[in-house]
Amino acid sequence: MSNLTELEKEVLNLPPKEREHLVLAAWESLEKGSAALANSAFDPEGIEIAVRRDEEIESGSVQSISHAEFMRRTDGG
């Protein structure tokens, strides 16, 4: 098994807050000189909303729906 695969398993077994810390640290390390921030589609407010939504799902305070159900409810499919 590769080191990356082992690391991925370890990271995915961490509590949500620790995973969040790692992903933010990794993202920040990529931001320096990254084309991602130059992209006008980069939306910090959207990221905040997504993080908040993830916390709601992880805590069980809301239920997620499938993509198919989302499409049905939004008349997209």
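Glu20 is partly exposed, with a relative accessible area of 22%. In this predicted model, Glu20 forms a salt bridge with Lys17, and the closest N and O atoms of the two residues are 3.7 Å apart.

- An α-helix has 3.6 residues a turn, so residues three or four places apart point the same way.
- Lys17 is exposed, with a relative accessible area of 55%, whereas Glu20 is partly exposed at 22%.
- The residues Lys17 and Glu20 are also part of a network of salt bridges that includes Glu55.

**A link between helix 2 and helix 4**

- Arg19 forms a salt bridge with Glu58, with 3.6 Å between the closest N and O atoms.
- This pair connects distant parts of the chain, since Arg19 lies in helix 2 and Glu58 in helix 4, 39 residues apart.
- Arg19 is partly exposed, having a relative accessible area of 23%.
- Glu58 likewise counts as partly exposed, at 44% relative accessibility.

- Glu56 forms a salt bridge with Arg53, and their closest N and O atoms are 3.6 Å apart.
- Glu56 and Arg53 are three residues apart in helix 4, a separation of about one helical turn.
- Glu56 is partly exposed, with a relative accessible area of 29%, and Arg53 is partly exposed at 35% relative accessibility.

**The dimensions and end of helix 4**

- Helix 4 comprises residues 44-59, a total of 16 residues.
- From its first C-alpha to its last, helix 4 reaches 23 Å, which is close to the 22 Å expected at 1.5 Å a residue.
- Gly60 follows helix 4 and has a positive phi, near 85 degrees.

**Confidence in the prediction**

- The chain has an average pLDDT of 83, and 82% of the residues score at least 70.
- Among the elements of the chain, helix 1 (residues 3-12) has the highest mean pLDDT, 91.
- The lowest mean pLDDT among these elements, 56, belongs to helix 3 (residues 35-38).
- Where pLDDT is low, the predicted coordinates should not be read in detail.

Definitions and conventions: Residues are numbered from 1 along each chain as its sequence is written. This is a predicted model: local features need pLDDT of at least 70, side-chain atom pairs count only at pLDDT 80 or more; totals for chains, interfaces and linings use all residues. Side-chain values use heavy atoms; hydrogens and water are left out. Helices (H or I, at least four residues) and strands (E, at least two) are DSSP runs, numbered from the N terminus. The expected span of a helix is 1.5 Å times one less than its number of residues. pLDDT is the predictor's confidence in each residue, from 0 to 100. A salt bridge is a side-chain nitrogen of Lys or Arg within 4 Å of a carboxyl oxygen of Asp or Glu. Buried means under 20% relative accessible area, exposed over 50%, partly exposed in between (1.4 Å probe, protein chains only).
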